[in-house]
Amino acid sequence: MEPFLWLLFSAGGVLSALLIPALLFLFGLAFPLGWVSPPDHAHLSAVLSHPVTRVALLGLCVLALFHWAHRFRYALYDGLQLKHLERAITLFCYGGALTGSAVAGYFLLAVP
Amino acid sequence: MKVEYTQFHPRWYRPRVPVFWWLRRRSYLLFVLRELSSVFVAWFVVFLLLLVNAVAQGPEDYRRFLDWSATPGMLLLNVVALCFILLHAVTWLFTLSPHAMVVRLRGRRLPPAVIGAGNLVAWMLASALAAFLILG
Amino acid sequence: MVDRIILRVTRYRPESDTEPMTQEHEIPLRKDWSVLDGLNHIKDHLDGTLSYRWSCRMGVCGSCGMTVNGEPKLTCATFLGDYAPGPVRVEPLSNFPVVRDLVVDIGDFMRKLPRVKPWLIRSEQEPPAVGEYPQLPAEREEYEQFSMCINCMLCYAACPVYALDQEFLGPAAIALAQRYNLDSRDQGASERMDVLSEADGIWACTFVGECSAVCPKDVDPAGAIQRYKFTAAMDSLKALLLPRGAR
């Protein structure tokens, strides 16, 4: 199991490093602070309705969540020395990633 | 294995690892901060899904999302998140993956610095593409 | 007048002490003196009871590793002048049980080394008459970096994962396994995989990277472990996706 979880972690690490800085900078800082004027609703809606965008965003969400799950699990093991709670931590991290992926799938694919 | 001290058996001294061992060295602290960046990666997914949902609900909800993201609390959270995300991106692209990846060009292994430079180009292209799609 | 520097040396005498204590010695500060020379000066002139390990004085034998001002160092390659005006703290290597003063027990590491089978494994041994196994310079380059390890254990002293879990196979042992895996004459990669891919093998590593930072021979064990993770993950993926024959 570990090799596959590590592959998901790594893929998520690459995608997050490449894409999240720009996205978070725009929507978290630049638009709210008025440095750049935000795109209008019609444009964003058009971009989001394209299947390629949705699949790409779904991939980003799923892999980023598994990236979190893997790193956070080891951070709890080592940083807080909680290795004896291995079961609960594994369940929380990967369960969280699975649930989050399902929610992401619902939002991105089910909503028009 | 418990060994009593005799002339021929050592009695080892073995200190316990303190809970906050990562405060003792700068490099360890940086490591723990790097690992904590994953929490903000997860936060970004939540933020992104809220945005997607708001856009899907219509112009009214989208406007409300923009107003909400401009509240001081959200701004502060996202500034902190961006710092951690940048720490993740910089360490991942320029220190971790250049050492972990073996890329060959004409049978020769590329030095880590070249892989880092390639990652920088990929990062710029991906950011430009994202900005282009969003800003139109 | 000769410059002088203070050495703060950890002492631990198991027959009388329950905990280590620190002893201070003022020694001459000479431009060409390493920390090990300072310790030798103490042993020869000031306190003959001080215990520590050393042998070659030239960064090859790997026995004089200690913690100097909090950093794992080869004391023969660490110069007192770089720490002037001092004081310089000399402690035993961390993450190993202390036997006496600056001497640590290395049994755990010694038991781990043979577990990764660090020798050339051939599926079929050729008789000596056939001759040597030839290798091109480019093939040697593949593993040369990982063959520079002198087993000084500085990487274990720097590794927080090993500090927290002594079962972890550790940086040097995995790098050494990789040295043989990448050797064109070796055919034992699959035999080593069993030990390396256990939970206490490569997957326990979180890429702190300190092992590579402290390595006096630039072996880059952290890089070796991540590269091996990638190989192991790809092998698992192939095993899952491809039918048996195609692997």
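In the predicted model, the side chains of K83(A) and D165(C) meet in a salt bridge, with 3.7 Å from N to O; the term denotes a side-chain nitrogen of Lys or Arg within 4 Å of a carboxyl oxygen of Asp or Glu. One salt bridge is found by this rule across the interface of chain C and chain A. One residue pair in polar contact, both at pLDDT 80 or more, is also found across this interface (a pair of N or O atoms within 3.5 Å; within protein, one must be able to donate a hydrogen and the other to accept it, and residues adjacent in sequence count only if both atoms are side-chain atoms).

On the side of chain C that touches chain A, α5 (160-164) and α9 (221-241) of chain C each supply at least two residues. The most is given by α9(C), with eight residues. Helices are DSSP runs (H or I, at least four residues), numbered from the N terminus. By class, this side of chain C has nine nonpolar, three polar and two charged residues; Ala, Val, Leu, Ile, Met, Phe, Trp, Tyr, Cys and Pro count as nonpolar, Asp, Glu, Lys and Arg as charged, and the others, Gly among them, as polar. In total, 14 residues of chain C are in contact (heavy atoms within 4.5 Å) with nine residues of chain A.

Residues are numbered from 1 along each chain as its sequence is written, and chains are lettered from A in the order in which they are written. Local features need pLDDT of at least 70, and side-chain atom pairs count only at pLDDT 80 or more, whereas totals for chains, interfaces and linings use all residues; side-chain values use heavy atoms, without hydrogens and water.
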